[in-house]
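Morning, everyone. Please look at the screen.

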Amino acid sequence: MASQEILPGVHLLEWEGKKRLATLTSDPQPVYGERIAECLRFWDPFRSKLAALLLKCNSCASSLTANTKMLYLGAATGTTVSHVSDIVRESLVYAVEFSPRSMRDLLRLCERRDNIVPILADAARPEIYSSMLEPVDLVYQDVAQPNQAQIASLNCARYLKPGGSLILMIKTRSIDVTSTPETVFSAEIKKLQGLEVLQSFELLPFHQDHWAILARKI
Ligand SMILES: C[S@@+](CC[C@H](N)C(=O)[O-])C[C@H]1O[C@@H](n2cnc3c(N)ncnc32)[C@H](O)[C@@H]1O
């Protein structure tokens with residue numbers, strides 16, 4: 001399979017006439033029914049907003065490397081976390097999720113991988129997990145809550161190293177369904193504190209009413 005490495009461990013390849021992403025993995029077992037071929041695990045942009053972002057902007061998320069320490073807020077059952085775990089293979093991903101049901105599936109994934117630290121907690125109360133975390137290089141958030149910017153700001157203030165990166169997935173319909181998505185998105189960006197917004201991307205055609213914000217801690 002001909003492929004181009006767009007980030008360490010992240011490959012862009014052509015498969016059945018379409019551009020696909022895949023992460024290099026040592027785990028032979030699929031996590032969400034994805035195809036695995038030649039140690040490359042296909043990464044579905046309709047299931048993962050991070051994959052959608054990387055397909056829209058190959059050079060985004062350059063802060064993701066084998067040694068990146070990452071705080072992941074809104075881990076769910078581990079679809080995207082599993083690909084992040086492939087990428088940060090020499091480091092750790094702290095995966096915060098507040099649904100016990102999702103956490104049960106995430107724990108099954110953690111049994112096969114030793115670089116995911118599962119944390120059952122509310123990301124809106126970051127002080128709760130202070131004893132489990134050290135400063136991180138990258139905060140990734142995908143929580144679909146009305147106070148998404150506030151949750152990101154609190155976690156970055158506490159755990160992100162100065163100069164570190166934030167990738168924030170904003171779901172505008174979780175914030176306000178009465179205003180246009182563009183209005184909600186612009187208002188949410190202004191609520192980010194202690195962070196410089198560098199770029200933003202709408203995640204169409206993969207995710208409707210979703211934006212990715214890339215920011216840096218000041
Ligand atoms: C859209 S899903 C995340 C999907 C996941 N990021 C992926 O790509 O595989 C949002 C998740 O955030 C979790 N969540 C929402 N609010 C949260 C909070 N305050 N603290 C922790 N988890 C939260 C939800 O339970 C849900 O599992």
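First, a convention for sorting residues: Ala, Val, Leu, Ile, Met, Phe, Trp, Tyr, Cys and Pro count as nonpolar, Asp, Glu, Lys and Arg count as charged, and the others, Gly among them, count as polar. By that convention, the shell around the ligand has 6 nonpolar, 5 polar and 4 charged residues. Bear in mind that this is a predicted model.

The ligand is surrounded by 15 residues, and the closest are Tyr72, Thr80, Glu97, Asp122 and Ala123. Now the nitrogen atoms of the ligand. Tyr72 has a polar side-chain atom 2.6 Å from a nitrogen atom of the ligand. For Asp142, a polar side-chain atom lies 2.9 Å from a ligand nitrogen atom. Phe98 takes part through its backbone, with an N or O atom 3.3 Å from a nitrogen atom of the ligand. On its own the ligand exposes 600 Å², and the protein buries 84% of that.

Which pocket does the ligand take up? The space taken by the ligand is the largest pocket. About 400 Å³ of space lies in there. The lining has 24 residues, and closest to the centre are Gly74, Ala75, Glu97, Asp142 and Val143. Helix 2 (79–87) and strand 7 (93–97) each give two or more residues to that lining.

Next, the second largest pocket, with a volume of about 290 Å³. Its lining has 18 residues; Arg20, Phe42, Trp43, Asp44 and Pro45 are the closest to its centre. Strand 3 gives the largest share of this lining, 4 residues. By class, the lining divides into 9 nonpolar, 1 polar and 8 charged residues.

That is all from me.

Notes: Residues numbered from 1 in each chain as written. Predicted model: local features only at pLDDT ≥ 70, side-chain atom pairs only at ≥ 80, totals over all residues. Heavy atoms only, no water. Near = heavy atom within 4 Å. Polar contact = N/O pair within 3.5 Å; in protein donor to acceptor, adjacent residues only side chain to side chain. Areas by Shrake-Rupley, 256 points an atom, 1.4 Å probe, with all protein chains shown as cover. 1 Å grid on protein atoms, 1.4 Å probe; cavity = no way out; pocket = protein on both sides within 12 Å on 5 of 7 lines; lining within 4 Å. Sits in = over half its atoms within 2 Å of the grid points. Points joined across faces, edges and corners; volume = space filled by probe spheres on them.
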